[in-house]
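Here are a few notes to go with the model. Have it open while you read, and take the points one by one.

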Amino acid sequence: MDKKKSSTLLVGFLCCLLAAGVGIQATGNQAPKPEASQTIQVSQNVKLEVEGKDFVPKSNSGRELPVFLYDGAAYAPVRALAERLHYSVDYSSKDRTVRMEPSPRPEEVEKELLEQNLEKRMELVKTIEFRDQEGNSAVVDALADPDPDDACFSWLHRLRYYRKVISENGEKPEDYQGSGIDVVFLDEEGDCVCKYEDVSEHYMTYLGDYYTNEYLDILDIERIRRVLAGKPQEFEPEKLFDIGQADWIILDGGDRGKTVKIDDPETIAALTDLFNSVECRREDSYLGWAGCGLTFTWYKDSGEMVESIGVNSGTTLKYDKFFRSVTSDPLDMDWFGRLLDKFPQADWRDKFPIKTLPGALDAQYLWIENGTGAIMADVSDPELVKRLGENIGNIRFQVGERVPGSAWDKADDGRCFVQWLAVDKEGNLTHAEVTVCVLDEKTIAFGGDQGYYATAMDGKTIDKQLLDDLLNQEGPYKDNPKVLYRELSEEE
């Protein structure tokens with residue numbers, strides 16, 4: 001479902017423009033009619049904005065093309081407008097048909113080229129040089145099959161996952177935090193193959209542009225600093241935890257087959273103090289779950305997660321994006337085991353927080369698809385977007401068991417998908433919240449493949465009647481210019 005939605009993003013935005021009165025005329029599957037000409041009177045004092053910015057349609061030769069009003073509708077050149085929205089356009093004179101297909105956005109093409117470039121450059125790299133602002137530098141070997149204990153482990157692999165940050169006027173993002181360290185990849189002759197500047201766990205600069213990393217496989221900046229200091233194997237113990245106030249803890253016994261909910265204030269305080277005081281050192285970053293034997297997760301009564309720590313043994317923890325080695329006294333695993341027996345076993349639903357969908361409250365657009373994947377409604381009517389957003393967005397859902405298989409693939413009995421969209425500061429449509437599959441008046445599924453069921457709490461229910469009305473092409477909203485319907489093909 002997520003893949004399907006991303007492929008229709010530009011189509012949805014184009015429909016919103018149509019709803020605003022931008023006319024695009026092209027024949028469909030009907031037989032072409034004989035050419036005919038007529039003289040009409042139009043008003044040409046019309047400006048066009050696309051994604052919040054002025055847009056002047058031009059021909060391939062650079063000539064400005066008119067946008068005009070006729071008979072209550074606005075008309076714009078289809079090729080210039082479609083290409084501005086990243087669609088390819090082809091006109092067949094044989095059947096007099098304009099055909100449009102979505103094209104990759106420039107940043108998507110650039111990311112793909114960057115990855116292809118790095119694949120080729122990887123073969124040339126022999127050494128890696130780290131440089132800091134104090135003038136220190138260190139050169140390490142770049143291994144074909146990196147050793148996890150090596151200082152440059154998976155550097156090229158990890159840097160490939162950074163994507164370009166779109167910022168106004170080429171300025172750094174507001175939350176940009178660099179380390180002052182540059183990473184230079186050198187070939188056999190010692191010449192620079194590529195260079196990343198001011199790298200950090202989440203940001204870097206490449207060829208003057210800013211990139212961010214949204215993946216778990218982050219860069220270990222502390223390890224680089226130890227390499228620069230000539231002490232790559234030396235670690236300083238750190239107190240890495242600062243767990244705040246929580247109302248209950250879920251202790252998942254993992255392979256012990258038991259989960260308990262700890263709501264005793266004294267035990268919560270003891271566990272919080274314990275993990276706040278433990279001294280550790282960082283190990284390498286990880287990808288995904290590493291099979292920790294126990295997991296402690298702190299929650300507030302609202303369902304908000306405060307912190308989560310995995311414990312494999314008394315000396316190994318999983319916290320944030322790194323493993324940790326305990327350098328202070330080992331943790332008392334026997335005590336943790338006794339806690340599993342002391343507290344009643346938690347219901348599976350208690351393992352997860354109560355989830356709300358706050359993004360639905362801030363949305364400006366709405367996509368609704370019926371359960372068969374055949375019909376989609378693009379809704380830009382502010383009143384309807386707000387009405388459904390407040391309805392579902394204000395419901396507190398108790399997250400329950402995993403969906404058996406994919407909720408999206410099983411939605412073939414009239415259930416529908418809802419996705420809220422917003423406009424970012426660049427004027428692009430963005431996902432305001434996760435896509436949900438409405439199963440009935442009290443139940444949703446979210447998260448796509450291997451997602452979760454969630455049940456409405458507080459006696460509130462989902463407005464299924466509104467969803468049904470919006471999906472009905474012959475229903476109460478069929479004449480609303482801001483509720484547009486289209487048939488979905490299998491490709492979408």
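Predicted model: local features only at pLDDT ≥ 70, side-chain atom pairs only at ≥ 80, totals over all residues.

1. In which kind of crossing, left-handed or right-handed, does H9 pass H10? The crossing of H9 with H10 is left-handed.

2. Now for the geometry of that pair. Two packed helices are described by the angle between their axes and the distance between the axes. For H9 and H10, the angle is about 145 degrees and the axes are 10 Å apart. On the H9 side the contact is made by Leu384, Arg387 and Leu388, and on the H10 side by Leu466, Leu467 and Leu470. Sorted by class, that gives 5 nonpolar residues, 1 charged and no polar ones.

3. Next, look at H10 by itself. This helix covers residues 464-471, and its buried residues are Lys464, Leu466, Leu467, Leu470 and Leu471. They sit on the same side of H10 because they cover an arc of only 160 degrees around the axis.

4. What covers those buried residues? Helix H9 (382-393) is part of the cover, and so are several strands, including E23 (365-369), E24 (375-379) and E26 (416-423). Strands E28 (436-438) and E31 (483-487) also belong to the cover.

5. Last stop: Val139, in strand E9 (residues 137-141). Is Val139 buried or exposed? With a relative accessible area of 52%, Val139 counts as exposed, because the cut-off for that is over 50%. Leaving out residues up to four places away in sequence, Val139 touches Thr127, Ile128 and Glu129. Val183 is 44 residues away along the chain, and its C-alpha atom is 10.0 Å from that of Val139.

Notes:
Residues numbered from 1 in each chain as written. Heavy atoms only, no water. Helix = DSSP H or I, 4+ residues; strand = E, 2+ residues; numbered from the N terminus. Buried < 20%, exposed > 50% of the residue type's maximum accessible area, 1.4 Å probe, protein only. Contact = heavy atoms within 4.5 Å. Arc of directions from axis to C-beta. Axes fitted to C-alpha atoms, helices over the stretch in contact; angles between N-to-C directions. Left-handed = near helix turned anticlockwise from the far one by under 90°. Nonpolar A, V, L, I, M, F, W, Y, C, P; charged D, E, K, R; others polar.
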